[in-house]
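Work through the exercises below with the model in view. Each task is followed by a solution in steps.

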Amino acid sequence: MAKRISLREFQQDLSTRLSATHRSEARLAWLAIQAGNENWLIDLADSGEILSPPPIATVPLSRDWFRGLTNVRGNLFSVVDFPAFLGQTPVTMSSEARLLLVGAKHGINTALLVSRAIGLRNPDDFEPDRRFHDERPWILGALRDSQDRQWRRLSARHLLADPRFLDAAR
């Protein structure tokens with residue numbers, strides 16, 4: 001005879017299993033984005049929502065890489081053109097451009113404007129690029145995929161704390 005459980009026990013068990021599944025999936029996936037001519041990976045657990053860019057209001061006397069402010073469902077987000085921040089050509093507003101709301105999870109309403117979102121990637125599909133070295137604390141190293149393309153790992157938490165990133169005034 002099957003064991004009988006209450007609806008409450010069933011819901012708690014289901015909730016616990018779903019939470020564990022979401023946490024393990026987040027650790028096992030990276031979001032792949034393109035910023036200018038560079039490929040980047042960000043931990044899915046560290047990334048936020050990704051969407052087509054809404055209208056962006058410019059802010060006078062700000063750096064070229066600071067695109068301005070945008071309203072996302074009633075919340076203001078500062079928008080940083082990530083390729084321009086990296087010293088590359090700014091993002092061209094096209095159907096591929098995306099806004100990655102990286103700061104919301106960290107209590108800061110900041111979004112990165114990127115050239116395009118590529119999708120989810122499995123960490124098992126990459127090998128460390130031991131030749132790569134970068135002093136910036138928000139770059140967690142580089143990896144190579146099966147086609148020998150380089151992918152840099154981005155730490156949103158460290159980027160959001162970087163003094164250069166926080167200094168948007170010209």
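A nonpolar core is a set of buried Ala, Val, Leu, Ile, Met, Phe, Trp, Tyr and Cys residues joined through side-chain atoms within 4.5 Å. Buried means under 20% relative accessible area, exposed over 50%, and partly exposed in between, with a 1.4 Å probe and protein chains only. The model is predicted: local features need pLDDT of at least 70 and side-chain atom pairs pLDDT 80 or more, while totals for chains, interfaces and linings use all residues. Numbering starts from 1 along each chain as its sequence is written, and side-chain values use heavy atoms, without hydrogens or water.

**Exercise 1. Describe the largest nonpolar core and the contacts of Trp40.**

Step 1. The core has 26 residues, and those touching the most other members are Trp40, Phe82, Phe85, Leu112, Trp138, Leu154 and Leu159.

Step 2. At least two core residues come from each of β1 (30-35), β2 (38-43), α2 (82-85), β8 (110-114), β11 (139-144) and α3 (156-161). Helices (H or I, at least four residues) and strands (E, at least two) are DSSP runs, numbered from the N terminus.

Step 3. Contact means heavy atoms within 4.5 Å. With neighbours within four places in sequence set aside, the contacts of Trp40 include Leu31, Ile33, Phe82, Leu86, Trp138, Trp151 and Leu154.

Step 4. A separate core holds ten residues, among them Val72, Phe77, Ala97 and Leu113.

**Exercise 2. Give the strand order of the six-stranded open sheet and state which strands stand at its edges.**

Step 1. Two strands pair if DSSP finds at least two bridges between them. The order is β9-β1-β2-β12-β11-β10, with mixed pairing.

Step 2. β9 (116-121) and β10 (127-128) are the edge strands; each has a single partner strand, so one side of each lacks a neighbour in the sheet.

Step 3. β1 and β9 run antiparallel and are joined by five bridges. Within β9, Leu120 is the bridge partner of Leu31.

**Exercise 3. Locate Leu61 and Asp148, which have positive phi although neither is a glycine.**

Step 1. Leu61 has a phi of about 60 degrees and lies in the loop between β4 (56-57) and β5 (66-72). Leu61 is exposed, at a relative accessible area of 71%.

Step 2. Asp148 has a phi of about 65 degrees. Its loop runs between β11 and β12 (150-154).

**Exercise 4. Summarise the protein chain.**

Step 1. The secondary structure comprises four helices and twelve strands.

Step 2. Of the 170 residues, 39% count as buried.

Step 3. Among contacts with a separation of 6 or more, 56% are between residues 24 or more positions apart.
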